[in-house]
Amino acid sequence: MVKGFRRLMAVLSLAAMTILMTGCGEKLIVLNPKGAIGKHQLDLILISTALCLVVIVPVLILTFYIVWKYRQRPESKAKYDPHWEHSTKLELIWWGIPIVIIVILAAVTARYTYMLEPSKPLEHEAKPIVIQVTSLDWKWLFQYPDQDIATINYIQFPEDVPIEFRLTSDAPMNSFWIPQLGGQIYTMSGMAMKLHLIADEPGSYMGMGANFSGKDFGKMQFTAKATSQEEFDAWVKEVKGSSPALTNEGYEQLAKPGVSDVETFSSIPAGLFERIVTKYGGHDHGGTGGESSTEHEHGADSDQAATGEMPADMEMDGDSSMNHGDHASHD
Amino acid sequence: MLDNIKDFASDFFVTGDPLIYGADVSIGLTMIAVVFALTYFKKWNWLWKDWLTTVDHKRIGIMYVIAALLMLFRGGVDALLMRTQLAVPDSDFLSPEHYNQIFTTHGVIMILFMAMPLMFGLFNLVIPLQIGARDVAFPFLNSLSFWLFFFGAMLFNVSFVIGGSPDAGWLSYPPLSEMSHSPGVGQDFYIWGIQISGIGSLMTGINFVVTILKMRTPGMKLMKMPMFTWSVLSSSLTILLAFPILTVTLALLFIDRYFGAHFFTLDSGGNPMMYINLIWMWGHPEVYIIVLPAFGIFSEIVATFSKKRLFGYKSMVFALMSISLFSFFTWAHHFFTMGSGANVNIFFAITTMIIAIPTGVKVFNWLFTMFRGRISFPTPMLWTVAFIPCFIVGGMTGVLLSVAPADFQFHNSYFLIAHFHQVIIGGVAFGFFAGLYYWWPKVFGFTLNERLGKWAFWTWNIGFYVCFMPQYVLGLMGMTRRLSTYGWDKGWYELNLTSTIGGFLMGIGFLFQVWQILHSIKFMKRATGDPWGGRTLEWSIPSPAPLYNFATLPQADEKDPWWEEKTRIADGHAPLPKPKLEPIHMPKNSGIPFVMSSFWFVAGFGLVFDWLWMAIPGFVGVAVCMLVHSFRYKTDYYIPVDEIERTEAAARRNV
């Protein structure tokens, strides 16, 4: 069955490609992905569209046919049967067909949901590059802990290297979305979410803050640039050489509501991201969020990095049973 | 002293925007004109006795419809302002703050103060007539429901000129809606406007569940009820279970804002995500609450204008009830991107897809009701026929959105906006328009002009597709919702401009509808009791229905009792014998619902501004009203037989 879908998908992708070739197709960026995740998501979009069309198209045709054929007119020869109100056979058919379609779609969805779980690392030989994302009022702060640089409203990364985004917010919830690389995830205060993406080719991709977060939310757009490894290294070097350092005080300024242009910083205060995540945990941990916490596996089931009394650098597993509501139970 | 007053006034009133000054002036002038007209024509007494204090479901229904149409106008103007802003890139027609307010009020008004009251209006206008009842089960409560809705809606709308409108989105996600990020009074208007009208909605739900279960005419078993009645039952049951969640959620938000608690705040262990879960536990069923009655309306209309029995009655009932059940298990599909993990997302994806099955079955049953029928196309049927393909496509995009990993690419984009407008306009609005057109002659006793109705229909429909089809594409281009402006570089302008044109076409469609109504009032054509060749009991009585609806309770042993009766008479059989006239037991009017709801308004307004000197008397007033009502013993009366005879004779002359 899966094989059949692959074939169907291929046909549909071809159809989509044809659309893309024609002028405005280029702009349909969701249908024109440049990364593995976005491509899988496109596959899924095409599969589900095809499955729906299997039902929709005949029904649309049937609608027009029935409305046309049985319209009232003096010389109508169409059959008129005012008492015909039930047919077990027919009703079984139209309970049955949607059930079958939904079962197939559910199976496909389940498979893809596990496959595309955003917190799951991508299978790739290259070591992922880590980017810590913080949504602020109304700008994006990106920190590169391994390169020790930071940027505002701009990210650059090497192509064909997995990117591990760790996302949080120091403001009302937003949503981090680079349509051509793959789907979005919410940035929420007090939680460190994960999103794994990859760019298959160099390019400049549009990034959006997709979830409304107040006055200048519309200004929360950024550019995500994929380049060669060398260009990326050169860029990091340039940032390190020419930009000011980001200090804790500098961050306090950044966190204040307002919009910002693209900026770069040559270094970041140790543990800043962890402090942002933990500051909403109910207690102020000051600077306790050490380097070690960057190693933590904040899986999907425990997206609240710090809760209640938990020290920020305590080990937390991806399958921790903790849920958002019960801080008290961890006292 | 003078400066103090000045300061107060500049905080209290919304200032600085010419649009709002214009609105201030027109609101003021309208109010003066209304007061003048009522005084000049000596209509105050008429207003009070016939409308403000009425407990008659037909009049309450009419008031609901009028209020809903006014709100449709306001919500529509909001929509057109947004579309005007988005028509061209880098537009500064509206500031971001103003834009944020407008999309917030547009959403709240369209769902809670337009769709809900229009729906309640149709409940009131139709249900008692359709089940052969004299009124709803609790007429006093019904009036109270209406006035609570009305004053809640007014409280919300007042924020436009006083204090400032809410601007955190129609569901007001915290922490944006918390004191920390929205210190103004807009959010408090939001909370209290919705709370007060929400109590009314809950009571309407209770009222119609009881009415349908207890007040049916002899012979009408549950499985003989008209499909609209079934849909109202399923919708009302859903209200019963869903609205308490809304009330509690907003109460918690209020406690956060007013008493400084931390249910949903950023700091001190508050959990904004909890709010998002709670609000959608109400919010998703809410969508079904408004669309289920629309399904019922289509079922009635499709059978009437195909001159054929509704196909697959039992399937239809089962589908309605299963949709209302499943609607409670899909809420998290509104935030697949919250990262709850694969298992949670799969669960909610599948429950969402499951709802597509009964919905699809309903479409097939409508089609096969038309199959082997004789279909005619007056306006109610036009809207129904237009609904089917529109809803099929909207439903399909809904299924696409339910595929969780794909939703990661659709979420928060214009694809989503296009989807829910397609199901809510194509389903709910088309449905309620169809219902309004269908039952209009029954309610008012005159028919609407068909030619203008067709103009309205076509401009609305063409406008709809021109407006929303481009939005699907914009979503695929990465345009996110609630953006107040965008740059030329994005390449979104052609489609946005197209969409704006479509929006204005729909606005013209609305104007045609207003014109149609005014024209039909001016050149009034009397309607008979049964202008469409109806099938159910409401068409067996004169239009408009007399105060007591049915002089004698009809016997309803079959599914389409009036159609069967007409068929029997046409076949030369005698009509069913009518029982002897007896005095009819009726509820008395009461001013308490109006007064009590005004006190709610006072209390709500006081709480919005944190003025306890105003809020406390408001609540005391509410309590006193309850007390006074508890000691009212003469709440009913009998209409004597000779008066019924006179009314019936007069009505028959009219027919």
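A salt bridge here is a side-chain nitrogen of Lys or Arg within 4 Å of a carboxyl oxygen of Asp or Glu. By that rule, three salt bridges cross the interface of chain A and chain B.

Quick housekeeping. This is a predicted model, where local features need pLDDT of at least 70, side-chain atom pairs count only at pLDDT 80 or more, and totals for chains, interfaces and linings use all residues. Residues are numbered from 1 along each chain as its sequence is written, chains are lettered from A and ligands numbered from 1 in the order written, and side-chain values use heavy atoms, with hydrogens and water left out.

Back to the interface. One salt bridge joins the side chains of B:Arg309 and A:Glu85, at 3.2 Å, N to O. Which elements of chain A each supply at least two residues of the side that touches chain B? They are α2 (36-69), α3 (88-115), β6 (174-178), β7 (182-187) and β9 (203-209). α2(A) gives the most, with 15 residues. Helices (H or I, at least four residues) and strands (E, at least two) are DSSP runs, numbered from the N terminus.

Contact means heavy atoms within 4.5 Å. Chain A puts 88 residues into it, chain B 90. The buried area is about 8,100 Å², and carbon and sulfur atoms give 70% of that. Buried area is the accessible area (1.4 Å probe) that two parts lose on being put together, summed over both.

Polar contacts next. These are pairs of N or O atoms within 3.5 Å; within protein, one must be able to donate a hydrogen and the other to accept it, and residues adjacent in sequence count only if both atoms are side-chain atoms. Across the interface of chain A and chain B, 30 residue pairs qualify, both residues at pLDDT 80 or more.

Now one residue in chain B. B:Arg216 sits in the loop between α7 (186-214) and α8 (227-259). B:Arg216 is buried yet has no salt bridge. Buried means under 20% relative accessible area (1.4 Å probe, protein chains only). Where is the nearest side chain of opposite charge? That is B:Asp557, 11 Å away. For charge, Lys and Arg count as positive, Asp and Glu as negative; His and the chain ends are not counted.

What does the side chain of B:Arg216 reach? The backbone oxygen of B:Ile212 at 2.6 Å, and that of B:Met220 at 2.7 Å. Leaving out residues up to four places away in sequence, B:Arg216 touches B:Ile131, B:Thr211, B:Lys221, B:Leu222 and B:Met225.

Definitions and conventions. Buried < 20%, exposed > 50% of the residue type's maximum accessible area, 1.4 Å probe, protein only.
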